Amino acid sequence: MKDCAIISIRSQFVKEIFAKEKTVELRKWFPVKFAGKCYIYECGNGSRHAVVGTFETRHILNTNKFSKHEFIEFAHDADVTTTKADYEKALELRPYILIPIIAPVEWQKPMKLDEFMKYYKPESFSGKPPRSSEIIKMPEDICDPEDFQS
């Protein structure tokens, strides 16, 4: 089994990720030592409420390890869709984790969570919509549905 993550992201940001306009995700919690595949669960009003694709991540950054100014400059350079003022406001509330979004893939056919559970058979996953993000154990030999489409 390999560690993967499933992350709830609002539909407006999912669109930006697949358009490659959003290149980082800010989270209040995420394991900073995680590197690998993240499954995107689209949530929010008007969303598909399904797993809609994936991205890879590595080099996750904890805002506590940078000065406020360094973090805002780095984050804004990586994600120009979010203003520096937005980062400043977020940092006033609490520390954040910055997750780089690498090689996003939008699935042609989104999977509802029950389908996702049947296909992948992940361990350590409740099967309920993740409130934020959750690390799950996935079989090593399984391929994503997009791997079979031409």
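In this predicted model, Glu-56 has Ile-102 in β7 as its bridge partner. That pair belongs with the contact between β7 and strand β4, which covers residues 50-57: the two run antiparallel and are joined by 4 bridges.

Zooming out, β7 and β4 are part of an open sheet of 5 strands, laid out in the order β7-β4-β3-β1-β8, with mixed pairing. The edges go to β7 (102-111) and β8 (133-138); each has a single partner strand, so one side of each is left without a neighbour in the sheet. Going from one strand to the next, the twist averages 30 degrees.

Two helices pack on this sheet. Helix α1 (residues 11-18) touches β1 (2-10), β3 (36-43), β4 and β7, and its direction makes about 120 degrees with that of β1. Helix α4, made up of residues 113-120, touches β1, β3, β4, β7 and β8. The direction of α4 sits at about 105 degrees to that of β7.

Ser-11 has a relative accessible area of 12%, and since the cut-off for buried is under 20%, Ser-11 counts as buried. Leaving aside residues up to four places away in sequence, Ser-11 touches Glu-42, Cys-43, Asn-45 and Ser-47. As for His-49, 38 residues separate it from Ser-11 in sequence, while the C-alpha to C-alpha separation in space is 9.0 Å.

Note on methods: Residues are numbered from 1 along each chain as its sequence is written. This is a predicted model: local features need pLDDT of at least 70, side-chain atom pairs count only at pLDDT 80 or more; totals for chains, interfaces and linings use all residues. Side-chain values use heavy atoms; hydrogens and water are left out. Two strands pair if DSSP finds at least two bridges between them. Axes are lines fitted to C-alpha atoms, for helices over the stretch in contact, and angles run from 0 to 180 degrees between N-to-C directions. Contact means heavy atoms within 4.5 Å. Buried means under 20% relative accessible area, exposed over 50%, partly exposed in between (1.4 Å probe, protein chains only).
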